[in-house]
Amino acid sequence: VITLSDGQNIYIDSVKAGVLAVQGNVSIRKNSDGSIEYVDNGHDGRLQYNTLTVPRGSQIASIILSDGSLVVVNAGSTMRYPVSYSRIKRGVEITGEAYIEVVKDIRRRFTVTGGGMITEVLGTHFNINTYPDETGMKVTLLEGSVKVSGGTKQKVIKPGEQTVYEKGIMQVRTGVDVKQVIAWKNGLFDFQDKHLPEVMRQLSR
């Protein structure tokens with residue numbers, strides 16, 4: 001479900017491909033592959049927010065933001081984001097899990113907030129997990145570099161590394177199996193070396 005800035009709900013899994021709504025100078029389209037795309041026809045200066053809600057038990061949802069960045073949102077997650085970005089900053093707010101491919105723009109950093117963390121990037125591919133029932137909030141990097149901030153802690157990580165932020169403590173794990181981390185994006189479960197409680201949390205979502 002996409003909740004528009006005026007409170008209208010669009011149930012994206014049941015609507016046909018084409019233009020779903022127009023907000024300011026931005027058209028919201030559903031593509032033939034089921035993804036949602038925000039087409040910016042010229043910034044009009046107004047800051048409007050939409051919210052994507054992907055319920056537990058739902059299929060994942062893919063959104064192309066107005067700057068061209070791709071966000072794939074997992075079940076049991078929400079994302080709040082501007083319809084159109086200003087000329088100085090970009091970003092989204094995530095509760096749950098998302099895989100993000102940020103279009104590079106050296107003039108405008110892209111920030112992701114959620115789970116008490118702020119992740120700053122210029123252009124990169126990464127996964128963020130902020131489910132409140134998981135043990136620690138995680139950012140896993142596939143490509144590029146990101147800076148993760150939580151409380152007074154800051155870490156810059158490289159591809160194959162993962163930050164874990166829990167109870168004010170931030171740690172960096174190396175040699176992470178990124179294919180396992182993003183298995184959900186490809187419609188798969190990968191439970192290799194996972195403990196039963198974590199397996200059951202994933203299955204419940």
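Q: Why is Glu-134 called buried?
A: Glu-134 has a relative accessible area of 9%, and since buried means under 20%, the residue falls within that class. This is a predicted model, and the value is computed from it.

Q: What makes Glu-134 and Arg-201 a salt bridge?
A: The closest N and O atoms of Glu-134 and Arg-201 are 3.0 Å apart, and a salt bridge requires a side-chain nitrogen of Lys or Arg within 4 Å of a carboxyl oxygen of Asp or Glu, so the pair qualifies. The bridge links distant parts of the chain, with Glu-134 in the loop between strands S14 (125-129) and S15 and Arg-201 in helix H2, 67 residues apart. Arg-201 counts as buried, because its relative accessibility is 18% and the limit for that class is under 20%.

Q: Why can the salt bridge of Asp-67 and Arg-90 be said to tie together parts of the chain?
A: The side chains of Asp-67 and Arg-90 meet at 2.6 Å, N to O. Asp-67 lies in the loop between strand S7 (61-64) and S8 whereas Arg-90 lies in strand S10, so the pair joins parts that are 23 residues apart in sequence. Both Asp-67 and Arg-90 are buried. By the same rule, the count comes to 9 salt bridges.

Q: Why is Asp-105 called buried, and why is Arg-107 called exposed?
A: The side chains of Asp-105 and Arg-107 meet in a salt bridge at 3.5 Å, N to O. Asp-105 has a relative accessible area of 12%, which places it in the buried class because that class is under 20%. Arg-107, at 67% relative accessibility, counts as exposed because exposed means over 50%.

Q: Why is Arg-87 called exposed, and where is it found?
A: Arg-87 has 66% relative accessibility, and exposed means over 50%, so the label follows. Arg-87 is found in the loop between strand S9 (77-82) and strand S10 (90-95). The C-alpha atoms of Arg-87 and Arg-107 are separated by 8.2 Å, although the two residues are 20 residues apart along the chain.

Q: Why is Thr-163 counted as buried, and which residues is it in contact with?
A: Thr-163 has 0% relative accessibility, and the buried class is under 20%, so Thr-163 belongs to it. Thr-163 lies in strand S18 (residues 162-166). Leaving aside neighbours within four places in sequence, its contacts include Met-137, Val-139, Val-148, Ile-157 and Val-172.

Q: Which residues touch the most other members of the largest nonpolar core?
A: Ile-2 and Phe-126 do so, in a core of 40 residues. Strand S15 (residues 137-143) gives the most to this core, with 3 residues. A second, separate core of 6 residues includes Val-72, Val-176, Ile-182 and Trp-184. In soluble globular proteins, nonpolar side chains tend to be buried together.

Q: Why is Leu-203 called partly exposed?
A: Leu-203 has 45% relative accessibility, and because buried means under 20% and exposed over 50%, this value falls in between.

Q: What makes phi of Lys-167 and of Asp-193 worth noting?
A: Most residues other than glycine have a negative phi. Phi of Lys-167 is near 55°, a positive value in a residue other than glycine, and Asp-193 has a positive phi of about 65° although it is not a glycine. Lys-167 is in the loop between S18 and strand S19 (169-173), and Asp-193 is in the loop between helix H1 (178-181) and H2. Lys-167 is exposed because its relative accessible area is 79%, and Asp-193 because its own is 68%, the limit being over 50%.

Q: Where in the chain is confidence lowest, and where is it highest?
A: Confidence is lowest in strand S17 (residues 153-157), at a mean pLDDT of 91, and highest in strand S8 (residues 70-73), at 98. The chain averages a pLDDT of 93, and 99% of the residues score at least 70.

How values were computed
Residues numbered from 1 in each chain as written. Predicted model: local features only at pLDDT ≥ 70, side-chain atom pairs only at ≥ 80, totals over all residues. Heavy atoms only, no water. Helix = DSSP H or I, 4+ residues; strand = E, 2+ residues; numbered from the N terminus. Buried < 20%, exposed > 50% of the residue type's maximum accessible area, 1.4 Å probe, protein only. Contact = heavy atoms within 4.5 Å. Core = buried A, V, L, I, M, F, W, Y, C linked by side-chain atoms within 4.5 Å. pLDDT = per-residue confidence, 0-100.
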